[in-house]
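Please look at the cavities and the surface of this model. A short report on both is wanted.

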Amino acid sequence: MTLTSSSPQQAGIRPSSAAKETTALRSFTFAAYATQALVVSYFPLYFLDHGFSSQQIGIIYSTGPFISIFANLLMGMASDKYRTIKKLLHILLFGQLVMVSLLFPIDTFALTCVVMICFYFFQTPINPLSDSLFLLSSTYTGTPYALIRIFGSLGFAVSAYLFGLILKMTSSEYTLPLAIATISITLVLTFLLRDYQGSMRKMEFSGFFKLLRKPNVVAFFTILLVISTAHRMYEGFLAVTLRQMGASDSLVGLAWMFSAFSEIPIFFLLGKYGHKFKELPLLFLASLLYGIRLLLVAEMSEPWMVVITQLMHSITFGIFFSTALRYITQLIPDQYRSSGQAVFAIVWNGISGVLSGLFGGIIYGMFGRETFFLIAAGLAGLAAIGFIAKHYVESRNSV
């Protein structure tokens, strides 16, 4: 399957109905990414203001992704087995509401870890399930994946900056009420979505696990783990780094807004023209640029400099994520769509989150920011070598 789409008429639905469904999908992804803006940008600052150390924050951000490994696989397989995405989204968003509510009275590290583990169980499967929904919806709406996913970037960018202004005027204590609001809005919007998964045939689990054992698939996910660990190290400790450099909450929000806005044109361009370029060379380029970006951050001393480098998010994450998703559609057949996206999420968010949170927190606390980002840059460089080597191997085998 590619990221191209058919017209609504070819899918047998009216253009007016397709337009409504596209609007619902875009509104949903805008709201869902608003919650992610809070989780990524301001939850670390919330925990920091509650007296947690960088090592403790690292543990929080690693225990959650650890449980997400099981959550993503469970939800992906449940979606493919029972042919539903919409019902699972209802369950996951309600669970998020419950977990965030439980954080209000808690001020101890141990209990916070327990609640955040549960929160991540409900939060981390949202993205892979949503991506599956957007990919499957293109057949019915005629709208490419990229033109829906762009609204997630908009939601993240606008919310990151807006929430930064709100929290600067108030305090980090308002982080949780804001999360309750964004999750509630997202939950309401899911009722407007169509359950596209229901039209596909059920998967055979034996075939899926056999597919995962193929050398080509194993090699891709191994290299993906290396670059995603570097990405998670950067993402998980960016807010802490900026705060320690003297940045305000609004400047932290501006940093995330820059990164999210910068990826919008890349998603759009790759959605329209990306199929003209081979995936592995593009992944090599993105990984190489990740390394340069991380090297720059390691040497910077002013928070505004780091904020400017966030514009490189377009040519690092933007290129990488869209291209990796396109490459996955070639590796994983349609009947395994949600499960394949779940495995991608397990590596991209789960295993890399555990590694970057546990070891990254220790490295950051013991050796400081410069060594931390130099190691992340080294991992990105290693991934770049892996992708270009894989490209040459595949090219030689195809001759």
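Predicted model: local features only at pLDDT ≥ 70, side-chain atom pairs only at ≥ 80, totals over all residues.

Residues are numbered from 1 along each chain as its sequence is written, and side-chain values use heavy atoms, with hydrogens and water left out.

**Cavities**

A cavity is a set of points, on a 1 Å grid over the protein atoms alone, where a 1.4 Å probe fits but cannot get out; lining residues have an atom within 4 Å of a point. Grid points are joined across faces, edges and corners, and a volume is the space filled by probe spheres set on the points. By this rule there are five cavities of 30 Å³ or more.

The largest cavity holds about 710 Å³ of space. It is lined by 40 residues, and Q36, V40, R232, E235 and N349 are the closest to its centre. The second largest cavity has a volume of about 60 Å³. Its lining is A32, T35, Q36, L93, Q96, Q123, I126, I183 and T186.

Linings are sorted by class: Ala, Val, Leu, Ile, Met, Phe, Trp, Tyr, Cys and Pro are nonpolar, Asp, Glu, Lys and Arg charged, and the others, Gly among them, polar.

| Cavity | Volume | Lining by class |
|---|---|---|
| Largest | about 710 Å³ | 18 nonpolar, 17 polar, five charged |

Helices here are DSSP runs (H or I, at least four residues), numbered from the N terminus. Helix 16 gives the largest share of the largest cavity's lining, eight residues. For the second largest cavity, helix 2 (15-41), helix 5 (86-103) and helix 9 (175-190) each supply at least two lining residues.

**Helix 16 and the surface**

I59, I351, L355, L358, F359, I362, M366 and F367 make a nonpolar surface patch of about 720 Å². Patch residues have over 30% relative accessible area and no salt bridge, and nonpolar side chains (Val, Leu, Ile, Met, Phe, Trp, Tyr) are joined within 5 Å. A salt bridge is a side-chain nitrogen of Lys or Arg within 4 Å of a carboxyl oxygen of Asp or Glu. Areas come from the Shrake-Rupley method with a 1.4 Å probe. Helix 16 (residues 337-367) gives the most to this patch, seven residues.

Buried means under 20% relative accessible area, exposed over 50%, and partly exposed in between. M366 lies in helix 16. It counts as exposed because its relative accessibility is 58%. R337 is also in helix 16, but counts as buried, at 0%. The C-alpha atoms of R337 and V158 are separated by 30 Å, and the two residues are 179 apart along the chain.

Definitions and conventions. Patch = residues over 30% accessible without salt bridge, like charges linked within 9 Å, V, L, I, M, F, W, Y side chains within 5 Å. Buried < 20%, exposed > 50% of the residue type's maximum accessible area, 1.4 Å probe, protein only. 1 Å grid on protein atoms, 1.4 Å probe; cavity = no way out; pocket = protein on both sides within 12 Å on 5 of 7 lines; lining within 4 Å.
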